[in-house]
Amino acid sequence: MPEPLEFYFDFSSPYGYLASEKIDDLAARHGREVRWRPILLGVVFKQTGAAPLTLVPLKGEYSIRDFSRSARFLDVAYQHPSTFPLATQHAARAYYWLHDRDRATARAFAHSVFRALYVEGRNISECEVVLDLAASHRVDRDGLMTALADAKLKDRLKIECDTALAKGVFGSPYIIVDGEPFFGVDRLPQIDRWLASGGF
């Protein structure tokens, strides 16, 4: 069996959200699976010297316009958050804790986190919101709350971020297909053709 596509993203990334709504179906059309890997863009930006698009002069206003336009183009619901950018370490750690127990639940939780932020306007930087979202998937809320405070889970996310950097990941979404990297939701058509043709 071919290796799964590796999908790196930060829950605070609008383009990561848009990709999350499309990547699984795209891969499935080619008989492939996707390995979701949340990371923290703050860690990445320290390495690259970059900053959130919305905070960059000139790019900021354009990026907000493009988030909504790209969502309309992809037919994905989108509402720009009132609090942005925001921290996502609780959501990312929760994802890995869930992933180690039940991958399907972890995937459903990830979709809930993205949609909570970009459709419902909820503040996913708050631990209580993350716990509530997990509980909506019949997750042990108290068990997850305990895990989120544990150094072991914090180290797990750090390792994931370090591993991503070692692979060259510099933004979100960043998708690796059989060793070939693609950055940005606008690269989904290229990924589609790459999977169909075996490369170009």
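## Basis of the values

Residues are numbered from 1 along each chain as its sequence is written, and side-chain values use heavy atoms, without hydrogens and water. Because the model is predicted, local features need pLDDT of at least 70 and side-chain atom pairs count only at pLDDT 80 or more, whereas totals for chains, interfaces and linings use all residues.

## Aromatic pairs

The whole structure holds 18 aromatic pairs, where rings of Phe, Tyr and Trp (its six-membered ring) pair if their centres lie within 6.5 Å, with planes under 30 degrees apart counting as stacked, over 60 as edge-to-face and the rest as tilted. Y17 and F114 form a tilted pair, since their ring centres are 5.9 Å apart and their planes stand at 45°. This pair links distant parts of the chain, 97 residues apart, with Y17 in helix α1 (residues 14-20) and F114 in helix α6 (residues 103-118); helices (H or I, at least four residues) and strands (E, at least two) are DSSP runs numbered from the N terminus. Both Y17 and F114 are buried, meaning under 20% relative accessible area with a 1.4 Å probe and protein chains only.

F182 and W194 make an edge-to-face pair, 5.7 Å centre to centre with 75° between the planes. Because F182 lies in strand β4 (residues 180-183) and W194 in helix α10 (residues 188-197), the pair ties together parts that are 12 residues apart in sequence.

## Contact of α5 with α8

H90, R93, A94 and W97 in α5 meet G143, L144, A147 and L148 in α8, contact meaning heavy atoms within 4.5 Å.

Terms used
Buried means under 20% relative accessible area, exposed over 50%, partly exposed in between (1.4 Å probe, protein chains only).
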